[in-house]
Amino acid sequence: SIDSSSSVTPKVEIRTDAPAHRHSSDVTIDHAMGDAISNHNINEFSKLSDVEHSLLLWNTKNVEYALGANVSDLSMKFWDSDERHAFEGDHVLLKQGYTAVTNHLMKSLEKKRREVQMRARLSS
């Protein structure tokens, strides 16, 4: 998790007893966020408003929820590797919620149903 009370950047411990193929320059999302906060100046981070802190926490928890893992366990290199399967275009917020989409689809289906019924009546 993010610790805004410390200005010390944690060091990435590279095990020297691990096989060569296990060495990596990758870091966790948690570590990278800590570095970004430290490099940006911890005093600036402490100046974030309550809303900004809440948004940062929300986004972090949203990533954890969506990926089913803590940011301390997620790779910066590969955490979004499924992005190629995502929908293209901007992310949007549906002000009326998804109900607006389903209601619109239902209206279209209802209209088609009435047309089919009308054709059936005319042909009989």
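Select helix H3, residues 50-67, in this predicted model.

Colour H3 by burial next. Thr60, Val63 and Glu64 are its buried residues. They cover an arc of only 100° around the axis, so they sit on the same side of H3. Turn to the other side of H3 and select Asp50, Val51, Leu55, Trp58, Tyr65 and Ala66, which are exposed.

What lies over the buried residues of H3? The cover includes H1. Before leaving H3, step past its end to Gly68, which follows the helix and has a positive phi, near 70°.

**Helix H1**

Select residues 29-40, the 12 residues of H1. From first C-alpha to last, H1 reaches 16 Å, close to the 16 Å expected at 1.5 Å a residue. Show the side chains of Ile29, Asp30, His31, Met33 and Ile37, which are buried in H1.

**Salt bridges**

How many salt bridges does a search of the whole structure find? There are 3.

Go back to H3 for one of them. Show Lys61 and Glu64, whose side chains meet in a salt bridge with 3.0 Å from N to O. Both residues belong to H3 and are 3 residues apart, about one turn of the helix. Are the two partners buried or exposed? Lys61 has 46% relative accessibility and so counts as partly exposed. Glu64 has a relative accessible area of 12%, under the 20% cut-off, and is therefore buried.

Now select helix H4, residues 99-123, and show Glu110 and Arg113. These residues form a salt bridge, with the closest N and O atoms 2.3 Å apart. They are 3 residues apart in H4, about one turn of the helix.

Because Glu110 and Arg114 are 4 residues apart in H4, about one helical turn separates them. Through salt bridges that share partners, Glu110, Arg113 and Arg114 are joined into one network.

Colour these residues by accessibility. Glu110 is partly exposed, with a relative accessible area of 29%. Arg113 is partly exposed at 38% relative accessibility. Arg114 is also partly exposed, at 47%.

**A nonpolar patch**

For the last stop, switch to a surface view and select Val92, Leu94, Tyr98, Val101 and Leu105. What do these residues form on the surface? They make up a nonpolar patch, with about 530 Å² of accessible area together.

At 48% relative accessibility, Leu105 counts as partly exposed; the cut-off for exposed is over 50%.

Definitions and conventions
Residues are numbered from 1 along each chain as its sequence is written. This is a predicted model: local features need pLDDT of at least 70, side-chain atom pairs count only at pLDDT 80 or more; totals for chains, interfaces and linings use all residues. Side-chain values use heavy atoms; hydrogens and water are left out. Helices (H or I, at least four residues) and strands (E, at least two) are DSSP runs, numbered from the N terminus. The expected span of a helix is 1.5 Å times one less than its number of residues. Buried means under 20% relative accessible area, exposed over 50%, partly exposed in between (1.4 Å probe, protein chains only). A salt bridge is a side-chain nitrogen of Lys or Arg within 4 Å of a carboxyl oxygen of Asp or Glu. Patches are made of residues with over 30% relative accessible area and no salt bridge: like charges are joined within 9 Å, nonpolar side chains (Val, Leu, Ile, Met, Phe, Trp, Tyr) within 5 Å. Accessible areas come from the Shrake-Rupley method with a 1.4 Å probe; for residues, only the protein chains shown count as cover. The arc is that of the directions from the helix axis to the C-beta atoms. Contact means heavy atoms within 4.5 Å.
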